[in-house]
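Visitor: I am new to this structure and would be grateful for a guided reading. May we take its features one at a time?

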Amino acid sequence: METLVNKDDFSLKIDEFSLRILRELQVDGRISILDLARRVSLSPTPCARRLAQLVEAGIVEGFGARVSPRAVGLSVEVMIEVKLERHANAIPEDFRRRVLDREQVVACFAMTGDTDYLLHVMVPDIDSLNRFLMDVLLKIEGVRDVRTSLVLEAVKRQQTVPTGHLR
């Protein structure tokens, strides 16, 4: 079965071979084209062509290493719910710009419901978290309220994107 994916003016049919390529790359982004081709049962040239199409279509956004937060000294992870005073003027845009500039913010989600934004923050220790909250987050104009929840354990930290629905 093939699924048609459209991105801007580019359309790409996702078939079983492309799905296999996506699954293998999410497990090992450093895999060679020869090994990738072997694992997905294609010859190297068609495999390389499909990979280039997946990149051009924006389906594969890049290649990178997964780094262990604790191994690099980031032992405190926190989810922070942020409520803004209002959504008028430049408040939301300013908030977004300010959190994009902060290395500690590893993810920022605009939310529905009572929370406007949910931040995933990683810092070395509680003192660093306090400084981030007091000196950065609470000083952003328009931030009305923040609620923090410490992550005790990452029960599941999935780095892959589900692709089963493309079948």
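Visitor: What covers the buried residues of helix 4?

Guide: Please note first that this is a predicted model. The cover over the buried residues of helix 4 includes strand 3, strand 4, strand 5 and strand 6.

Visitor: Which residues of helix 4 are buried?

Guide: A residue is called buried when its relative accessible area is under 20%. In helix 4, this applies to Ile91, Pro92, Asp94, Phe95 and Val99. These residues lie on the same side of helix 4, because they cover an arc of only 160 degrees around the axis.

Visitor: How should I read helix 2 in this way, and which of its residues are buried?

Guide: Helix 2 spans residues 33–40, and its buried residues are Leu36, Ala37 and Val40. Their arc around the axis is only 100 degrees, which puts them on the same side of helix 2. Leu34 and Arg38, on the other side of helix 2, are exposed.

Visitor: Against what do the buried residues of helix 2 pack?

Guide: They pack against helix 1, residues 16–27, and helix 3, residues 44–56. After helix 2 comes serine 41, which has a positive phi, near 65 degrees.

Visitor: Let us turn to the nonpolar cores. Which residues of the largest nonpolar core touch the most other members?

Guide: This core has 21 residues, and those touching the most other members are Ile80, Val82, Phe95, Leu119, Val121 and Leu137. At least two residues of the core come from each of strand 3, helix 4, strand 5, helix 5 and strand 6. Strand 3 contributes the most, with five residues.

Visitor: Which residues does leucine 137 touch?

Guide: Leaving aside residues up to four places away in sequence, leucine 137 touches Ile80, Val82, Phe95, Leu119, Phe132, Val143 and Val146. There is also a second, separate core of 17 residues, and among its members are Leu19, Ala37, Leu42 and Val60.

Visitor: How is a pair of aromatic rings described?

Guide: Such a pair is described by the distance of the centres and the angle of the planes. This structure holds one aromatic pair. The ring centres of phenylalanine 95 and tyrosine 117 are 4.7 Å apart and their planes stand at 35 degrees, so the pair is tilted. The pair links distant parts of the chain, with phenylalanine 95 in helix 4 and tyrosine 117 in strand 5, 22 residues apart.

Visitor: Are phenylalanine 95 and tyrosine 117 buried or exposed?

Guide: Phenylalanine 95 is buried, since its relative accessible area is 0%. Tyrosine 117 is buried as well, with a value of 5%.

Visitor: How do strand 4 and strand 5 pair, in the parallel or the antiparallel sense?

Guide: Strand 4, residues 105–110, pairs with strand 5 in the antiparallel sense over five bridges. Within this pairing, alanine 107 has histidine 120 in strand 5 as its bridge partner. The two strands form a hairpin with six residues between them, and glycine 113 in the turn has a positive phi of about 90 degrees.

Visitor: Finally, where is aspartate 15?

Guide: Aspartate 15 is in the loop between strand 2 and helix 1. With a relative accessible area of 13%, aspartate 15 is buried.

Visitor: Which backbone nitrogen does the side chain of aspartate 15 reach at 3.0 Å?

Guide: That is the backbone nitrogen of serine 18. A polar atom of the aspartate 15 side chain also lies 3.2 Å from the backbone nitrogen of phenylalanine 17.

Definitions and conventions: Residues numbered from 1 in each chain as written. Predicted model: local features only at pLDDT ≥ 70, side-chain atom pairs only at ≥ 80, totals over all residues. Heavy atoms only, no water. Buried < 20%, exposed > 50% of the residue type's maximum accessible area, 1.4 Å probe, protein only. Helix = DSSP H or I, 4+ residues; strand = E, 2+ residues; numbered from the N terminus. Arc of directions from axis to C-beta. Contact = heavy atoms within 4.5 Å. Core = buried A, V, L, I, M, F, W, Y, C linked by side-chain atoms within 4.5 Å. Polar contact = N/O pair within 3.5 Å; in protein donor to acceptor, adjacent residues only side chain to side chain. Pairing = 2+ DSSP bridges. Phe/Tyr/Trp six-rings, centres within 6.5 Å; stacked < 30°, edge-to-face > 60°.
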